[in-house]
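Notebook open, model on screen. I want to look up the sheet first, then the aromatic rings.

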Amino acid sequence: MFKKSQRKIVAVIMSILVSLWIGTLCIIYGSSYYEVSHRNREMLDWHMERYLPEQPLPNGASPDRMVGNGASSGSLAEKHAAFDSLADSGMSPGGLPKLPPERPRFENSPAFQLSTFYSVAISKDGQILETRNSKTEVYSNQELEAIAREILANGRPAGVKDSLIYRMADKGSYTLIAFMDNTLIQESMTTLFQSTLAFGGIAILALFFLSSYLAKRIVQPLEESYEKQKQFISDAGHELKTPVSVVSANAELLSRELGRNQWLANIQYENERMGLLIGQLLDLARTEHVTPQMETIDFSRLAGGEALPFESVAFEKGLSLRYEISPGIQVKGNDAQLRQLASILLDNAIRHSAPGGEALLTLRSRRGHALLSVTNDGDEIPKAQQKQLFERFYRADPARNSEGNHYGLGLSIAKAITSAHNGTIEVECQKGKVTFTVRLPISIS
């Protein structure tokens, strides 16, 4: 029980830590990638706006006329200088849209100067006018032109192609497609992601061991308290057996001397009830403390044998008892405890069945488990009470105070026996039927 609680504590702690880690990783990586990508697109836009073709344009247009300085010749650097002069004066070179005043400029930016740009100018009739490559020529002119034609055919003005981010703009008499090499950025982001993932994984692993240690420390006082409680019940039960036996013996002797006596009969009745309670407490303590001796048992035969004595009990209460038992089901368990388990469920079903009702015991195998179910006609048990049925001294009807010498320990003993056999027990209520089902692993010979 406490191991299960410890695992739940670790699971909760780790789920919170992993969620925080994943959220932090996504925020850091996402914001960094967005910031870098946005900056790269702005630099690519700036590159496109500064673009001046080195060859004459169709329809008699020339690069000099695009700049608007009236010169018939000049270096590309001089044309860019003229471009910057026009941009500073607020003019729009070559009839292009005026530069937004808020757009960043990258004349002196090291990131812009170290970045690699490619450009392909395509005429309206699809002819390649100019291909501007980098000095390193990571991509050949043919590759750039093929990518540019594909982008032009696709019609998307911006996007990513392989490791290139691109922009496409209509320059009037031609279409310009510009690229920026994003390889270093992608590799940097991948390295950042992998490093964060690796160090985060190591941190999560370390925190897992730390949370396991802390969960153990948290549960330890509760476990010690629970063990002391069980030990107290066991010790008290053993200590009470002697005075109960003495009282029983003396009451028997007095009954022989005095004959029938009302007060003595009351003493004997209450003493007998006390003896039954002590016996149940000792059974519960023994089941929880002592590891039972296990052997392969014919569960089908055992269940059928335990059902037979209850037929007469059911008949006396005006009930019918049926059982449907599949033959040959074997489990690994303790014979005495499994017999007690079946008896508790049958006794519980008969005691709580509606008058004239029916109790049904079934045993079948399913998916490597033996399913022992006992069903009776009765009032539906509320969901809130179903979880408490297996607690010690709990009775669904508090008004029935120790009715029939039952103290609410039977189902607790049944649960303890089931847990000792690595099984589960649960209750289900529907359509006026109450069913207790025990699931035990089948023994494979």
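I started with the sheet: five strands make an open one, ordered E2-E1-E5-E4-E3, with antiparallel pairing. Helices (H or I, at least four residues) and strands (E, at least two) are DSSP runs numbered from the N terminus, and two strands pair if DSSP finds at least two bridges between them. The edges are strand E2 (128-132) and strand E3 (158-161); each has a single partner strand, so one side of each lacks a neighbour in the sheet. On average, neighbouring strands are turned by 20° against each other, direction ignored.

Before going on, I noted the ground rules. This is a predicted model, where local features need pLDDT of at least 70 and side-chain atom pairs count only at pLDDT 80 or more, while totals for chains, interfaces and linings use all residues. Residues are numbered from 1 along each chain as its sequence is written, and side-chain values use heavy atoms, with hydrogens and water left out.

Next I checked the two ends of the sheet. Strand E1 (residues 117-123) is joined to E2 by four bridges, and the two run antiparallel. Ile122 sits opposite Ile128 in E2.

What packs on the sheet? Helix H1 (residues 2-49) does, touching E1, strand E4 (164-170) and strand E5 (174-181), and its direction makes about 40° with that of E4. Contact here means heavy atoms within 4.5 Å; axes are lines fitted to C-alpha atoms, for helices over the stretch in contact, and angles run from 0 to 180 degrees between N-to-C directions. Helix H5 (residues 141-154) packs on the sheet too, touching E1, E2, E3, E4 and E5, with its direction at about 120° to that of E5.

I found Gly159 opposite Tyr166 in E4. E3 and E4 form a hairpin with two residues between them, and Asp162 in the turn has a positive phi of about 55°.

Then the rings: I have three aromatic pairs in the structure (centres within 6.5 Å; planes under 30 degrees apart are stacked, over 60 edge-to-face, the rest tilted). Tyr29 and Phe193 are edge-to-face, 5.3 Å centre to centre with 65° between the planes. Tyr29 is in helix H1 and Phe193 in helix H6 (residues 183-258), 164 residues apart, so I logged this pair as linking distant parts of the chain. Phe208 and Phe209 have centres 5.5 Å apart and planes at 70°, so they are edge-to-face.

Last, I looked up exposure (buried is under 20% relative accessible area, exposed over 50%, partly exposed in between; 1.4 Å probe, protein chains only). Phe208 is partly exposed at 36%, and Phe209 is exposed at 55%.

Note on methods:
Rings of Phe, Tyr and Trp (its six-membered ring) pair if their centres lie within 6.5 Å; planes under 30 degrees apart count as stacked, over 60 as edge-to-face and the rest as tilted.
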